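Subject: Handover of a structure

Dear colleague,

Please find the structure below, followed by an account of what was found in it. I would ask you to keep it open while you read.

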Amino acid sequence: DVAENGEEAFEKFMLNGYDLLLMDMQMPVMDGYEATRIIRRWERDKNMKDTPIIAFTAHALKEEVQRCLDAGCTDHLAKPVKKKELIERIRSYAI
């Protein structure tokens, strides 16, 4: 599934549940940082296990990676992402 913004991503997450989320951190309406924080709050309120969330940003700086992790993301990938790296990262979270 694809969401146009963080608000839509959260709505889809509540309705469908997912094994893993690929979160673009720079989205309109609600960015990925806020969407991730809301998802984490919702999971805690429902006593759910954290869903792996891989942040996608245009920045690879250590501070940006930390900002994503602080928001609740499990991991971080800088754009552009190489297909092989993306597949390997997804596999690392396979249940």
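Helices (H or I, at least four residues) and strands (E, at least two) are taken as DSSP runs and numbered from the N terminus. The model is a predicted one, in which local features need pLDDT of at least 70 and side-chain atom pairs count only at pLDDT 80 or more, while totals for chains, interfaces and linings use all residues. Residues are numbered from 1 along each chain as its sequence is written, and side-chain values use heavy atoms, with hydrogens and water left out.

The largest pocket

A pocket is an open set of points on a 1 Å grid over the protein atoms alone, where a 1.4 Å probe fits, with protein on both sides within 12 Å along at least five of seven lines; its lining residues have an atom within 4 Å of a point. The largest pocket holds about 330 Å³ of space. Its lining consists of 15 residues, and Asp-1, Ala-3, Ala-9, Leu-21 and Leu-22 lie nearest the centre. Both α1 (6–16) and β1 (21–24) supply at least two lining residues each, and β1 gives the most, with four.

The cysteines

A disulfide is a pair of cysteine sulfur atoms within 2.5 Å; by this rule there are zero disulfides. Cys-68 is in no disulfide, and the nearest cysteine sulfur, that of Cys-73, is 5.2 Å away. Cys-68 counts as buried (under 20% relative accessible area, with a 1.4 Å probe and protein chains only), at 0% relative accessibility. Cys-73 is also buried, with a relative accessible area of 6%.

Terms used
Points joined across faces, edges and corners; volume = space filled by probe spheres on them. Buried < 20%, exposed > 50% of the residue type's maximum accessible area, 1.4 Å probe, protein only.
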